[in-house]
Structure formats: C-alpha cells, structure tokens
Amino acid sequence: MAYLPIEEGNSFQIIFTHSIHLTDVVEEYEVLSDHSIKQNEIIYEHYGIGMPANDADGGTLVYEDGKIHIKDMNRVFPYINLRNAKEVPKYRLVWGETLEHIAWFKDYFEPGARFTVKIDNLSLWQILKGVKIHE
C-alpha cells in the first residue's frame, strides 16, 4: 500500500498518542541486515494499560526529562502489525538523520485499517503500484 525507502542501519520511530492518557508514546527502531526490525527504546509519560511497567527484555528502565524510558532493548521482529487508530488517529512515522521527516499514517491508511510494517526488497512493479511515503 505504501513504502519508504530505507536501508540497513537506518533508524526510525513510530509515535502514537495513547488512547487513555492522550500523551505520546515513542518507539525507536533500527533496520538490521537480515531485514528484521530491532526495537531499541520506548518512551512514554504514564504507566497504565498497554504500557510496560518494567525493563522488559533486558532493557534499562530510566526516568529522565519527566518521561519513562526503557533503553537498550533488544526486541527483534520480522515485522510489526499495526492498526491505525479510529478515535485518536495520531500514529506517525519519523525518520531521517536527525529525525527530521514525519509522515502521518492517517494520510496513507484509513482510520481503523490494519497494516504491516516490514523491511523488504520491492520489485519495480510493487514500487509503481504502491504510494511512496514522503515528508
């Protein structure tokens, strides 16, 4: 449906607004050489439903700048399944050397739509058929 040109070693963030606390949750990821996705950090403001309350997967739990950080995570995924929120559609993708680019999922996917984030080599046909995500 949509694609973003990205390479091994590149980082990106998926940011969403928690539906109860209405505060941003930042998930930081890195692209690995085998096309898997490594979660390095999660940042949020409030403990609660759906939020980790400990340093899962050997990460380090840190409280800094008024936010909870779970750093040094080593969670590796072949892909990430997401659902674009219906009520609070503030999911967004952030990338770039200094995280200067942002794309709102609502601009590419309907509210409530399910989609998969994965790293893949695309054929020319897939590129022509899809929509390139841009800032």
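Me: Why is Asp120 called partly exposed?

Reply: Asp120 has a relative accessibility of 43%, and because buried means under 20% relative accessible area and exposed over 50%, with partly exposed in between (1.4 Å probe, protein chains only), Asp120 counts as partly exposed. This is a predicted model, in which local features need pLDDT of at least 70, side-chain atom pairs count only at pLDDT 80 or more, and totals for chains, interfaces and linings use all residues. Residues are numbered from 1 along each chain as its sequence is written, and side-chain values use heavy atoms, with hydrogens and water left out.

Me: What makes Lys118 exposed?

Reply: Lys118 has a relative accessible area of 52%, so the residue counts as exposed.

Me: How do you know that Lys118 and Asp120 meet in a salt bridge?

Reply: A salt bridge is a side-chain nitrogen of Lys or Arg within 4 Å of a carboxyl oxygen of Asp or Glu, and the side chains of Lys118 and Asp120 meet at 3.9 Å, N to O, so the pair is a salt bridge.

Me: Is Arg92 buried or exposed?

Reply: Arg92 has 8% relative accessibility, so the residue counts as buried.
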